[in-house]
Amino acid sequence: MFHRHQYSLVILLFLCMGCGEGVPPSKLDRQSVSGSVTLDSKPLSNGSITFHPLSATGESTVSGTLVKEGAFKLSEENGLPPGKYKVVITSSAATSSLPTDPEAAMDAASKPPAEGPEIPAKYNSNTELTCDIVDGPNDSLSFDLKSGS
């Protein structure tokens with residue numbers, strides 16, 4: 001019977017050791033990130049940009065934001081730790097305001113979202129885009145996408 005309690009205690013200790021939450025977001029050395037996205041030399045009107053870590057520093061995190069009128073910005077709070085990142089950019093059609101009538105709003109919400117200009121897969125699902133986030137200002141990232149390639 002004594003051995004059973006010892007095994008239970010050992011198992012309980014291992015379980016507690018695995019219950020950590022990792023590095024709290026406030027402890028990450030996040031940097032603000034901003035820049036521009038153009039498609040065929042014109043600002044991308046609506047879309048999203050997501051940064052996926054390529055370097056395993058133990059503090060890497062995925063983050064992203066909306067692109068509006070060719071500009072994006074991640075605050076320091078939502079920013080990225082320094083390192084190398086894969087960049088995924090998608091587009092969407094401009095959204096008009098939702099109708100105030102509940103039935104019309106439900107009808108609008110049930111339809112698939114309109115897509116924006118087509119962005120080649122090499123910028124999203126098969127992205128070739130990368131960037132380096134450094135300690136300090138990262139306010140001039142620029143992504144010039146070409147639709148015909």
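**Salt bridges and core**

Guide: Aspartate 144 is partly exposed, its relative accessible area being 39%. In this predicted model, aspartate 144 forms a salt bridge with lysine 146, and the closest N and O atoms are 3.0 Å apart. Lysine 146 also counts as partly exposed, at 34% relative accessibility.

A search of the whole structure finds two salt bridges, and the other one joins lysine 84 to aspartate 132, with 3.9 Å between the closest N and O atoms. Because lysine 84 belongs to strand E6 and aspartate 132 to strand E7, this pair ties together parts that are 48 residues apart in sequence. Lysine 84 is partly exposed, with a relative accessible area of 36%, and aspartate 132 is likewise partly exposed, at 47%.

Turning to the core, the largest nonpolar one has 21 residues, and those with the most contacts inside it include Phe51, Phe72, Phe143 and Leu145. Among the elements that give two or more residues to this core are strand E6 (83–91), strand E7 (130–133) and strand E8 (141–145), together with strand E5 (71–74). Leaving aside neighbours within four places in sequence, phenylalanine 51 is in contact with residues including Phe72, Leu74, Tyr85, Val87, Cys131 and Leu141.

In a regular strand the side chains alternate between the two faces of the sheet. In E5, Phe72 and Leu74 make up the covered face, whereas Ala71 and Lys73 make up the uncovered one. E5 pairs with E1 in the antiparallel sense over four bridges, and phenylalanine 72 in E5 has glycine 35 standing opposite.

Conventions:
Residues are numbered from 1 along each chain as its sequence is written. This is a predicted model: local features need pLDDT of at least 70, side-chain atom pairs count only at pLDDT 80 or more; totals for chains, interfaces and linings use all residues. Side-chain values use heavy atoms; hydrogens and water are left out. A nonpolar core is a set of buried Ala, Val, Leu, Ile, Met, Phe, Trp, Tyr and Cys residues joined through side-chain atoms within 4.5 Å. Buried means under 20% relative accessible area, exposed over 50%, partly exposed in between (1.4 Å probe, protein chains only). Contact means heavy atoms within 4.5 Å. Two strands pair if DSSP finds at least two bridges between them. A salt bridge is a side-chain nitrogen of Lys or Arg within 4 Å of a carboxyl oxygen of Asp or Glu.
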